[in-house]
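Visitor: Please show me the structure, and then let us go through it in questions and answers.

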Amino acid sequence: MSFHKIPKDDTQHQNHLDGAVGILTGNLQEEATKSGLDNHFQRWIEDLKDVNNPELHQIVVDMQALKAHFGGGTIDKDLVGQLLSRLGTNTAKAAVFAENPNTAQRVANLGEALSAAAKQMRGGQSSPEQDLQQNSSQKS
């Protein structure tokens with residue numbers, strides 16, 4: 001009996017992206033204490049690897065570093081802020097690689113949420129939710 005991995009469809013990817021935004025717009029310190037965070041990181045990494053695009057390599061590396069850091073117990077806000085900031089920038093750029101417009105929008109939203117979470121980690125004055133609302137209202 002052989003195991004064949006069934007590819008994820010866009011709906012599954014979109015659900016993972018929505019879940020990622022949900023985590024990032026919450027309290028990151030609280031999220032770090034939850035047992036399911038490691039699974040979320042792993043799903044994001046798998047989704048990125050499934051795309052099989054060399055342009056996304058740095059995002060995969062940064063996600064793996066973030067996962068390892070959160071799994072270590074003590075949170076270095078500067079390191080996490082730096083990783084989240086770079087992930088936000090690179091994820092927003094990666095939205096162009098999504099074939100489905102709904103997925104592309106969710107990838108762009110994730111990039112914004114990552115950047116907002118980086119501000120939160122660095123002690124920015126606004127919450128990620130406020131930043132996302134401000135970014136959304138600016139686009140309208």
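Visitor: Is Glu99 buried or exposed?
Guide: This is a predicted model. The relative accessible area of Glu99 is 81%. A residue counts as exposed over 50%, so Glu99 is exposed.

Visitor: Where is Glu99 found, and what separates the C-alpha atoms of Glu99 and Asp10?
Guide: Glu99 sits in the loop between α5 and α6. Along the chain, Glu99 and Asp10 are 89 residues apart. Their C-alpha atoms are separated by 9.2 Å.

Visitor: How are α5 and α6 oriented to each other, roughly parallel or roughly antiparallel?
Guide: Helix α5 covers residues 77-94 and helix α6 covers residues 101-121. Their axes come within 7 Å and cross at roughly 160°. Angles over 145 degrees count as roughly antiparallel, and α5 and α6 are therefore roughly antiparallel.

Visitor: Is the crossing of α5 and α6 left-handed or right-handed, and how many charged residues does their contact have?
Guide: The crossing of these two helices, α5 and α6, is left-handed. Among the residues that make the contact are Val80, Gly81, Leu84 and Leu87 of α5 and Val107, Leu110, Gly111 and Leu114 of α6. By class, the contact of α5 with α6 has 11 nonpolar and 7 polar residues, and the number of charged residues is 1.

Visitor: How does α1 lie relative to α6, roughly parallel or roughly antiparallel?
Guide: Helix α1 spans residues 10-24, and its axis comes within 9 Å of that of α6. The two axes cross at roughly 20°. Because angles under 35 degrees count as roughly parallel, α1 is, relative to α6, roughly parallel.

Visitor: What is the handedness of the crossing of α1 and α6, and how many nonpolar residues are in their contact?
Guide: α1 and α6 cross in a left-handed way. Residues of α1 including Asp10, Leu17 and Val21 meet residues of α6 including Arg106, Leu110 and Ala117. The contact of α1 with α6 holds 5 polar and 3 charged residues, and the nonpolar ones number 9.

Visitor: What is the phi of Asn52, and is Asn52 buried or exposed?
Guide: Asn52 is found in the loop between α3 (37-51) and α4 (57-71). Its relative accessible area is 67%, so Asn52 is exposed. Asn52 is not a glycine, yet its phi is positive, at about 55°.

Visitor: How many helices and strands are in the protein, and which part of its 140 residues is buried?
Guide: From the N terminus on, the elements run α-α-α-α-α-α-α. The protein has 7 helices and 0 strands. Of the 140 residues, the buried part is 37%.

Technical notes:
Residues numbered from 1 in each chain as written. Predicted model: local features only at pLDDT ≥ 70, side-chain atom pairs only at ≥ 80, totals over all residues. Heavy atoms only, no water. Axes fitted to C-alpha atoms, helices over the stretch in contact; angles between N-to-C directions. Helix = DSSP H or I, 4+ residues; strand = E, 2+ residues; numbered from the N terminus. Parallel < 35°, antiparallel > 145°, perpendicular 65-115°, else oblique. Left-handed = near helix turned anticlockwise from the far one by under 90°. Contact = heavy atoms within 4.5 Å. Nonpolar A, V, L, I, M, F, W, Y, C, P; charged D, E, K, R; others polar. Buried < 20%, exposed > 50% of the residue type's maximum accessible area, 1.4 Å probe, protein only.
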